[in-house]
Amino acid sequence: MEVYNYSDLTKSDIAKLAQRNVDPANEIRAIVEEVITNVQQHGDSALFDYAEKFDKVKLDKLYLDKDELIEIASAVSTEQKAALETAYNNIYKFHKTQLKTEDKVETMPGVTCWRELRPIEKVGLYIPGGTAVLPSTLLMLGIPARIAGCHEIVVCTPPQKDGKVNAFVAYVLLLLDIDKIYLAGGSQAIAAMAYGTESVTKVDKIFGPGNQFVTKAKTIIQSTTTTAIDMPAGPSEVLVIADETAKSEYIGADLLAQAEHGIDSQAILVCTSQKIADATLTAIEHQLSVLPRADIAKQALDNSYIVITNTLDEAMQFSNQYAPEHLILATVNWQLLTTNIVNAGSVFLGNLTPESVGDYASGTNHTLPTSSYARAYSGVSVDSFVKKITFQHITPEGIKNIGPTVEILAELEGLMAHKSAVTIRMK
């Protein structure tokens with residue numbers, strides 16, 4: 001991992017370091033646009049072709065039904081079921097509190113305004129496959145969708161080599177009372193949910209993380225179809241802020257936990273001394289040697305770096321510029337820093353709070369904005385699956401009170417029909 005001194009970095013240096021997952025030559029975009037067009041024009045036929053081309057499997061059909069899911073899920077052990085159910089319960093408990101009824105507000109006598117929630121009717125959940133199986137992502141998306149009351153939940157994931165899905169994904173589908181999953185991955189799955197095919201239902205909004213191709217497909221369909229997306233959630237990343245009270249073996253473990261996601265993941269350490277940096281690099285070397293996904297982690301670390309600052313305040317300044325998906329405050333003094341956090345997807349406080357707990361089972365959602373999008377986006381929540389519709393009601397007293405104001409404002413904007421719609425009622 002490259003090591004930089006914060007005091008030596010210019011603003012442009014910092015901006016360059018904070019940039020990731022860019023596609024300057026539009027190479028990824030060109031590939032994804034071709035895939036989207038093909039799915040739009042050829043539907044299921046294109047999905048069969050892409051499964052054979054990208055997933056190396058010749059499918060007989062594009063989905064698994066409930067009976068097949070029950071059979072596949074039977075391979076999950078009692079201990080594994082208990083762990084998945086604990087995660088389910090914690091995630092449900094945290095997200096259930098987000099469903100709230102708002103009070104009506106009388107803005108002036110006779111004028112009442114309020115908001116009511118309505119679930120998004122059809123939602124699409126993308127569950128990445130690739131080099132790791134992610135039943136946790138299905139929990140993170142399926143639970144808030146169920147709490148919100150979405151009428152139809154469409155799930156897509158890349159097929160395994162046997163043309164099925166992982167047993168843990170199958171078990172979580174049953175926990176969520178979802179009885180079908182479509183065997184489509186990558187940008188072709190996003191296109192299928194955005195446009196619809198003979199088999200796959202067109203949805204109103206697409207959720208889920210993925211690689212750069214999936215993320216690019218989501219951003220394209222958002223601007224070219226009536227289907228919305230949750231956020232750009234691309235290759236995963238973590239930024240760890242550490243001082244002398246941190247434990248280097250913990251930091252090393254946290255960085256590797258991120259690096260093993262994929263070769264395009266990024267794991268950043270921002271620390272207050274060279275000593276911490278050296279100790280962490282030693283810890284990484286020791287721990288890397290026993291990791292099953294060491295080759296993937298090594299490549300991700302080649303794309304990662306360390307920044308040494310003089311103070312925790314400087315470290316926080318860099319973090320806010322980077323706007324990480326995951327931010328770990330590896331210090332006993334974390335309470336002094338939380339109010340200074342401006343841009344982050346999810347934050348992990350203190351030396352005993354690894355990112356892994358949020359990835360799986362603490363209750364918070366792990367579908368989060370990446371690539372600096374934490375500057376403007378929040379992670380997935382129940383709010384992501386609902387619409388908040390505003391209502392207003394005017395009484396006879398209300399139209400008398402608010403009418404003159406609206407007449408004046410409509411007249412000064414030159415919209416006389418707007419004025420007349422109020423005047424005629426006042427008369």
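The structure is a predicted model, in which local features need pLDDT of at least 70 and side-chain atom pairs count only at pLDDT 80 or more, while totals for chains, interfaces and linings use all residues. Residues are numbered from 1 along each chain as its sequence is written, and side-chain values use heavy atoms, with hydrogens and water left out.

Helix α2 comprises 16 residues (27–42), and at 1.5 Å a residue should span 22 Å; its end C-alpha atoms are 23 Å apart, which agrees. The expected span is 1.5 Å times one less than the number of residues. G43, which follows α2, has a positive phi, near 55°.

The protein chain holds 16 helices and 15 strands, assigned as DSSP runs (helices H or I, at least four residues; strands E, at least two) and numbered from the N terminus. Its C-alpha trace spans about 85 × 60 × 45 Å along the principal axes. Of the 427 residues, 48% are buried. Among contacts between residues at least 6 apart in sequence, 75% join residues at least 24 apart.

An open sheet of 6 strands, with mixed pairing, has the order β2-β7-β6-β5-β8-β9. Its edge strands, β2 (63–65) and β9 (228–229), each pair on one side only; pairing requires at least two DSSP bridges between two strands. Within this sheet, β5 (residues 122–126) and β8 (residues 205–207) pair in the parallel sense over 3 bridges. V123 stands opposite K205 in β8.

The structure holds 0 disulfides, a disulfide being a pair of cysteine sulfur atoms within 2.5 Å. For C156, the closest cysteine sulfur is that of C150, at 16 Å, too far for a bond. C156 is buried, with a relative accessible area of 0%, whereas C113, at 25% relative accessibility, counts as partly exposed.

Key: Buried < 20%, exposed > 50% of the residue type's maximum accessible area, 1.4 Å probe, protein only. Contact = heavy atoms within 4.5 Å.
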